[in-house]
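Here are my notes after going through the model with you in mind. Have it open alongside while you read.

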Amino acid sequence: MHYHPLGNTGLTVSVAGLGCGGNSRLGLGRGASFDDCVAVARAAIDLGVNFLDTAEVYGTEEIVGAAVKSYDRDRLVISTKALFKTEDTAETVTQKVEASLKRLGLDHVDVFHFHAVGPAAYEHHRDVLAPALLRLKEQGKVRHVGLTETGPRDPEQAMLARAVEEAPWEVVMLAYSLVNQGARTKVFPVTVRRGIGTLLMFVVRNIFSNDAYRRAVFAKLVEDGRLEASVLAQGSADGDPLAFLVSEGGAASITDAAYRYARHEKGADVILFGTGNRAHVKANIDSILRPPLPAPVIERLHRTFGHLSGVGLDLPGPVKA
């Protein structure tokens, strides 16, 4: 495993981080038992993953809490988050943090995020809710404060572009992938300059793992005028414009390429991966740890897809190919 500073937090994190939400939710998404889900988390930790991200809404905080009991707490970095409404108060923040700690069975979390903050709600989170989170930090219940964007509902990253320029955010979670590259110019230069830790989500989604769905998405992009028709023809005989990543880029699969692309972007600290299958844990980690894609391949990705936004940001749930 490779380890990396999480911005200026002082935390050292594995570049591969276990995301405990998404479609899989450690296996809950397919009806796995509590113990099987715990085993998925432990499999990741045993392979060197020390960063685990969960959330109230995922329903996996208890699973993460059970999984980490067998390990040295000081060597693990636990992140969780909660959703807040604009009518919520500082008291709500305290209640939600305490509830998360109880579900996790921990006396503190390393990072607590305001979850899926949209542009219209940002000022309320910064001005009304964040002071309460900072008080909990003073009490030692939260080590660092962060927030996550709502990628599908803010594809231009308006909230995040503002937040990374302001206090008190120490860590941010953002959507980034080889077909959703906006943060490369809008966010990462600022987080690097200001020492804000970054957690990358939506790195791999259905658009990379579901071939028929991917072709349908790209066909619609061409139909809408967001992508040149020639891009489909340059890909493969069946109209897959990402096929060159395997044939020319040396990637084991498109998913493998997607992980490697994000992992080696300047400003990327943790690449979140999710799975409910223990057998897939090592494969995901192996991809994240592989070398960068060849420079000509990265240049082609930037040239072809760099202008897109909001692509591949499907919310958890079944996808129709």
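This is a predicted model: local features need pLDDT of at least 70, side-chain atom pairs count only at pLDDT 80 or more; totals for chains, interfaces and linings use all residues.

1. Is Gln-181 buried or exposed? With a relative accessible area of 1%, Gln-181 falls under the 20% cut-off, so Gln-181 counts as buried. Its side chain also has a polar atom 2.9 Å from the backbone oxygen of Leu-178.

2. Who are the neighbours? Setting aside residues up to four places away in sequence, Gln-181 touches Tyr-176, Tyr-261, Leu-301, His-302, Phe-305, Gly-306 and Leu-308.

3. Now the whole protein. I get 14 helices and 10 strands for the secondary structure. The radius of gyration is 19 Å, close to the 20 Å from the globule rule for 321 residues, so the protein is as compact as a globular protein of that length. Along the principal axes, the C-alpha trace spans about 60 × 40 × 35 Å.

4. Two percentages go with that picture. Of the 321 residues, 55% are buried. And if you take contacts with a separation of 6 or more, 78% of them are between residues 24 or more positions apart.

5. Have a look at helix H2 (residues 61-68), which is mostly covered, with 6 of its 8 residues buried. The buried ones are Glu-61, Ile-63, Val-64, Gly-65, Ala-67 and Val-68.

6. Leu-28 ties in here. Leu-28 sits in the loop between strand S3 (16-19) and H1, and is partly exposed, at a relative accessible area of 25%. Neighbours within four places aside, Leu-28 is in contact with Cys-37, Tyr-58, Gly-59, Thr-60 and Ile-63; Ile-63 is one of the buried residues of H2.

7. How far apart are Leu-28 and Gly-276 in sequence and in space? The two are separated by 248 residues along the chain, yet their C-alpha atoms are 7.3 Å apart.

How values were computed. Residues are numbered from 1 along each chain as its sequence is written. Side-chain values use heavy atoms; hydrogens and water are left out. Buried means under 20% relative accessible area, exposed over 50%, partly exposed in between (1.4 Å probe, protein chains only). A polar contact is a pair of N or O atoms within 3.5 Å; within protein, one must be able to donate a hydrogen and the other to accept it, and residues adjacent in sequence count only if both atoms are side-chain atoms. Contact means heavy atoms within 4.5 Å. Helices (H or I, at least four residues) and strands (E, at least two) are DSSP runs, numbered from the N terminus. The radius of gyration is taken over C-alpha atoms; the globule rule is 2.2 Å times the number of residues to the power 0.38.
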